[in-house]
Amino acid sequence: MNFQHRHVLGIKQFNAEELNFILDTAESFKEINTRSIKKVPTLRGKTIINLFFEASTRTRTSFEIAGKRLSADTVNISGSASSVVKGETLEDTARNIEAMHPDIIVMRHSASGSSDYLAARLNCSVVNAGDGTHEHPSQALLDAFTIRQHRGKIAGLKVAIIGDIAHSRVVRSNINCLKKLGAEVVVAGPKTMLPPGLEMLGCRVAPSLSDALEDADVVMMLRIQLERQGKSLIPSLREYSRFFGLNENNLKLAKPDAIVMHPGPMNRGVEISTAVADGPQNVILDQVENGVAIRMALLYLAAGGDKMVEG
Ligand code: CP
């Protein structure tokens, strides 16, 4: 297909055909990550800058690895080590970086809409690695990829997403992505962590954890985002765990072959017990592994790789 997107800002910009094309492109890159020499020349001569204003282990590392495995030159800049701490604005920082002619800026920022803001002002491609509580498109794509890998399809599956829905950019991107790919999405969490209007995204809000888990094919647990005021919205972590934590007992409500997912980082003993996190149904490290292939696909497509001619 003719992929027309220069930026990757959110799942909202893609239709089902484009989402499947990204997943198929990632499938073609996945095998490179298991070779003894994990490098192909696809993005040789391209420069990718990873600009992270928030903490990250998985996303930042996998974008860097993805760029390097495609032979791009990758540079990492963290907000705390940049001139932002001296008062420089995001736009000035980005314009100065762009003056060095990168092809792609991958950005994570605490402000919702920050990637769209930069994309409207820069000439290079912008890839959103998570903006505030808005979107985390590469996470939703790697989750869809992992579901497809383990269940063979996405359409028709019941996906239960449990936890701090209000503060999660992962859930917004996931609901949008999974609905477009034909899944039934059910969410559950404490009332204080359920934003109004969720149904407008096309998901069902379950009255309880057990209702959401009943016959689920996929159980996706979310972290309480303590850094985004999560703590003040619940009486205690112990109570949260009692009513919304996934354990070996309540997991039995889901289908016997249900898979358990978590975007990480996990709060073990809060939203998920260690027995489940490390248990036979978990695919959490598969999600991380697939993150590299998905980010290779996104960098390749954002760089116009599918339209490149050698020579
Ligand atoms: N899932 C995710 O975004 O993890 P990091 O914050 O470690 O990147």
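**Enclosed space and strand pairing**

Counting cavities of 30 Å³ or more gives one cavity in this structure, which is a predicted model. Rolling a probe the size of a water molecule over the atoms shows where empty space is left. The largest cavity holds about 50 Å³ of space.

Which residues line the largest cavity? The lining consists of Arg 58, Gln 139, Leu 142, Pro 263, Gln 287, Val 288 and Arg 295. Two helices, helix 5 (137-151) and helix 10 (284-302), each supply at least two residues of the lining. Helix 10 provides the largest share, namely three residues.

The strands may be considered next. Strands of a sheet pair through backbone hydrogen bonds, either parallel or antiparallel. Strand 1 (residues 47-52) is joined to strand 2 (residues 73-78) by six bridges, and the two strands run parallel. Within this pairing, Thr 47 stands opposite Asp 73 of strand 2. Helix 2 (residues 58-69) takes part together with these two strands in a β-α-β unit, and this unit is right-handed.

Strand 1 also pairs with strand 3 (residues 104-109), again in the parallel sense, over five bridges. Here the bridge partner of Phe 52 is Arg 108 in strand 3. Is strand 1 largely enclosed or largely open? Five of its six residues are buried, so strand 1 is largely enclosed by the rest of the structure. The cut-off behind this reasoning is that a residue counts as buried when its relative accessible area is under 20%.

Five strands form an open sheet with parallel pairing, in the order 7-6-5-8-9. Which strands lie at the edges of this sheet? The edge positions belong to strand 7 (204-205) and strand 9 (259-261), each of which pairs on one side only. Strand 9 has strand 8 (residues 218-221) as a parallel partner, and three bridges join the two. In this pairing, Val 218 stands opposite Ile 259 of strand 9.

To bring these elements together, the reader may locate strand 1 between its described partners, with six bridges to strand 2 and five to strand 3. The open sheet of five strands can then be followed in its order, 7-6-5-8-9. Finally, the largest cavity can be found from its lining, to which helix 5 and helix 10 each supply at least two residues.

How values were computed. Residues numbered from 1 in each chain as written. Predicted model: local features only at pLDDT ≥ 70, side-chain atom pairs only at ≥ 80, totals over all residues. Heavy atoms only, no water. Pairing = 2+ DSSP bridges. Helix = DSSP H or I, 4+ residues; strand = E, 2+ residues; numbered from the N terminus. Right-handed = clockwise from strand over helix to strand, strands pointing away. Buried < 20%, exposed > 50% of the residue type's maximum accessible area, 1.4 Å probe, protein only. 1 Å grid on protein atoms, 1.4 Å probe; cavity = no way out; pocket = protein on both sides within 12 Å on 5 of 7 lines; lining within 4 Å. Points joined across faces, edges and corners; volume = space filled by probe spheres on them.
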